[in-house]
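Student: Can we go through this model together? I'd like to start with how exposure is judged.
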Amino acid sequence: MSDQLIPVLLLAALFVLILAAMAWGWHRRGRSQQHLPVPEDATLEQLGEAVAHGPVAAVYVDTVLAEQPLERIVAHGLGQRANAMVTLGDQGSWRLKREGTSSFTIPGTVVTELTSGPGMAGKFIGGDGLLIIRWRLGDQLLDTGLRLARRSDHDLLLSRKENA
């Protein structure tokens, strides 16, 4: 019994050390991204927009640096995966109401592209399963990925590129 205790304790210590290193890296990344402004948290009505589509159920995958699908933005909770309700405004703004973390709105004036892709940090599904909103936060170009619950909503929102 005592012959097994030391290796078990060493493995447990190694596991705790790995978890601590992961947490340290996550916090360090968040601190390095604090220059990004806090995303706006306004309803579409506060922005003077009517609802064009939604709300629809989705999974908010995360937000990454544009064209760098593995460089997750963790500042301001943007790296936290969550269930969400997504609403598109008639002037191209996107309201992302997330469960368990802060909600935010992407004003239509900062959206530069709307596309779909196979995935990003946190979820890779292949094909064109993620709806990707490219937008500007401060001086940084970002991609926000959403996995919509219904493919028909994905296709409808993607077809509204001219409004984004």
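Tutor: Start with the cut-offs: buried means under 20% relative accessible area, exposed means over 50%, and partly exposed is in between. Keep in mind that this is a predicted model.

Student: OK, so is Arg151 buried, exposed or partly exposed?
Tutor: Arg151 has 39% relative accessibility, so it counts as partly exposed.

Student: Which residue does Arg151 form a salt bridge with?
Tutor: Asp155. The closest N and O atoms are 3.0 Å apart. Asp155 is partly exposed too, at 37% relative accessibility.

Student: How far apart are Arg151 and Asp155 in helix α2?
Tutor: They are 4 residues apart, so about one helical turn separates them. Elsewhere, salt bridges with shared partners join Glu67, Glu113, Arg134 and Asp143 into one network.

Student: How many salt bridges does the structure hold?
Tutor: It holds 8. One of them pairs the side chains of Arg95 and Asp41, at 2.7 Å from N to O. That pair links distant parts of the chain, 54 residues apart. Arg95 is in strand β4, and Asp41 is in the loop between α1 and β1.

Student: Why does Arg95 count as buried?
Tutor: Because its relative accessibility is 14%, and the cut-off for buried is under 20%.

Methods: Residues numbered from 1 in each chain as written. Predicted model: local features only at pLDDT ≥ 70, side-chain atom pairs only at ≥ 80, totals over all residues. Heavy atoms only, no water. Salt bridge = Lys/Arg side-chain N within 4 Å of Asp/Glu carboxyl O. Helix = DSSP H or I, 4+ residues; strand = E, 2+ residues; numbered from the N terminus. Buried < 20%, exposed > 50% of the residue type's maximum accessible area, 1.4 Å probe, protein only.
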